[in-house]
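This briefing is arranged by topic for reading alongside the sequence and the coordinates. Please keep both in view while going through the points.

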Amino acid sequence: MAQNTVEKTPVTLLGLGAMGTALARAWLAAGHPLTVWNRTPARATALAAEGAEAADAAAEAVAANTLVVVCLLDDTSVAEVLAGTDLAGKDLVNLTTSTPAQARARAEWARGRGARYLDGGIMAVPPMVGVPEAGGYVFYSGSPELFERHQQTLGIPVGTTYVGENPGFAALHDVALLSAMYGMFAGAAHAFALIRKEDIDPAALAPLLADWLVAMAPSVHQTADQLRSGDYTKGVVSNLAMQVAGTPTFLDTAAQQGVSPELLSPYFELMRRRLAKGVGEEDLTGVIDLLVH
């Protein structure tokens with residue numbers, strides 16, 4: 001009788017923090033042979049009880065399998081952990097948060113040691129790992145052949161999105177999205193601060209705020225279209241001049257509520273600088289050009 005089984009790619013995982021441990025458990029649950037290593041041995045021991053092979057040293061873990069996934073604190077940690085390992089012939093996937101420049105340099109470093117390289121930017125938090133409906137995924141960049149070879153295995157914990165051969169593109173996409181997230185958090189913080197001293201329940205404002213942010217989110221498509229075409233007046237609804245004229249109301253309200261305007265003022269200043277160029281009929285897209293050196 002033919003066996004209806006598919007051989008699962010063995011994985012080596014270096015780094016067992018909250019994210020690394022979540023990744024490890026997802027691969028174990030899917031039946032992938034897994035070798036793990038961590039500076040704090042107790043974390044590897046805990047996973048060994050769940051079926052992983054715990055290595056005593058990083059070099060031993062790297063030697064165990066071709067596919068080596070790294071999920072450490074920072075780029076410096078990657079250099080330190082891999083310094084004494086033989087990477088020749090290995091498929092190195094680096095999920096450590098880094099800058100685009102660090103990712104490109106790490107790719108060259110890996111190639112110089114005979115390894116193939118993929119960089120990854122994780123767009124998920126540990127509770128989303130192994131839960132497909134949570135919507136988490138990882139940006140990958142680097143060797144397209146390497147991504148294709150391991151996409152199925154890498155897609156076990158969370159989804160995969162390939163963004164290009166340039167090794168720095170995963171980190172760049174990661175930071176770009178997270179930067180937008182922090183901008184949203186800043187706006188939400190200002191909104192809650194405005195009502196903080198009033199008899200308004202934050203829990204009552206929250207759904208209104210969430211719905212408003214969702215309604216505004218599609219504007220990024222118009223911004224992208226304007227950037228691509230170079231026409232910042234295309235499809236404008238509320239032009240720059242109109243919006244700049246309205247900014248004193250926001251600043252006056254903040255002052256009246258005893259709230260610092262420091263989260264809004266930098267953006268308003270960019271809007272005023274752009275308007276000073278005599279482009280009042282534009283959308284807000286032009287402030288992007290002021291940010292680029």
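Glu282 lies in the loop that connects helix H11 (265-275) to helix H12 (287-291) in this predicted model. Its relative accessibility is 9%, so Glu282 counts as buried, the cut-off being under 20%. The points below begin with its surroundings and continue with the nonpolar cores, a helix pair and selected loop residues.

**Surroundings of Glu282**
- The side chain of Glu282 forms a polar contact of 2.9 Å with the side chain of Arg274.
- Leaving aside residues up to four places away in sequence, Glu282 touches Tyr232, Thr233, Val236, Asn239, Leu240 and Arg274.

**Nonpolar cores**
- The largest nonpolar core comprises 30 residues, and those with the most contacts inside it are Leu13, Leu34, Val69 and Leu95.
- Several elements each give two or more residues to this core: the strands are S1 (11-14), S2 (34-37), S4 (67-70), S6 (116-123) and S7 (137-142), and the helices are H1 (18-29), H2 (41-48) and H6 (144-154).
- H1 provides the largest share of this core, namely seven residues.
- Val69 is in contact with Val11, Thr12, Leu13, Leu14, Trp27, Val93, Leu95 and Leu154, when residues up to four places away in sequence are not counted.
- Another core, of 19 residues, lies apart from the largest one and includes Ala58, Ala61, Leu72 and Leu92.
- In soluble globular proteins, nonpolar side chains tend to be buried together.

**Thr21 in helix H1**
- Thr21 is located in helix H1.
- With a relative accessibility of 16%, Thr21 falls under the 20% cut-off and therefore counts as buried.
- Beyond residues up to four places away in sequence, Thr21 touches Leu16 and Leu47.

**Helices H7 and H8**
- Helix H8 (residues 202-216) has 15 residues, and the distance from its first C-alpha to its last is 21 Å, close to the 21 Å expected at 1.5 Å a residue.
- Asp201 caps the N-terminal end of H8, with a side-chain oxygen 2.9 Å from the backbone nitrogen of Ala203.
- The axes of helix H7 (residues 169-195) and H8 come within 11 Å and cross at roughly 145°.
- This crossing of H7 and H8 is right-handed.
- Where the two helices meet, H7 contributes Met184, Ala188, Ala191, Phe192 and Ile195, while H8 contributes Pro202, Leu205, Ala206, Leu209 and Leu213.

**Loop residues on either side of strand S4**
- Thr66 occupies the loop between helix H3 (58-64) and S4.
- Its relative accessibility of 41% lies between the 20% and 50% cut-offs, so Thr66 counts as partly exposed.
- Thr66 and Ala88 are 22 residues apart in sequence, and their C-alpha atoms are 9.5 Å apart in space.
- Not counting residues up to four places away in sequence, the contacts of Thr66 are Gly89, Lys90, Asp91 and Arg116.
- Asp74 is found in the loop between S4 and helix H4 (75-82).
- Asp74 has a relative accessible area of 29% and is therefore partly exposed.
- Asp74 and Ala46 are 28 residues apart along the chain, and 23 Å separates their C-alpha atoms.
- Asp74 touches Thr96 and Thr97, with residues up to four places away in sequence left out of the count.

Conventions
Residues numbered from 1 in each chain as written. Predicted model: local features only at pLDDT ≥ 70, side-chain atom pairs only at ≥ 80, totals over all residues. Heavy atoms only, no water. Helix = DSSP H or I, 4+ residues; strand = E, 2+ residues; numbered from the N terminus. Expected span 1.5 Å × (residues − 1). Polar contact = N/O pair within 3.5 Å; in protein donor to acceptor, adjacent residues only side chain to side chain. Core = buried A, V, L, I, M, F, W, Y, C linked by side-chain atoms within 4.5 Å. Buried < 20%, exposed > 50% of the residue type's maximum accessible area, 1.4 Å probe, protein only. Contact = heavy atoms within 4.5 Å. Axes fitted to C-alpha atoms, helices over the stretch in contact; angles between N-to-C directions. Left-handed = near helix turned anticlockwise from the far one by under 90°.
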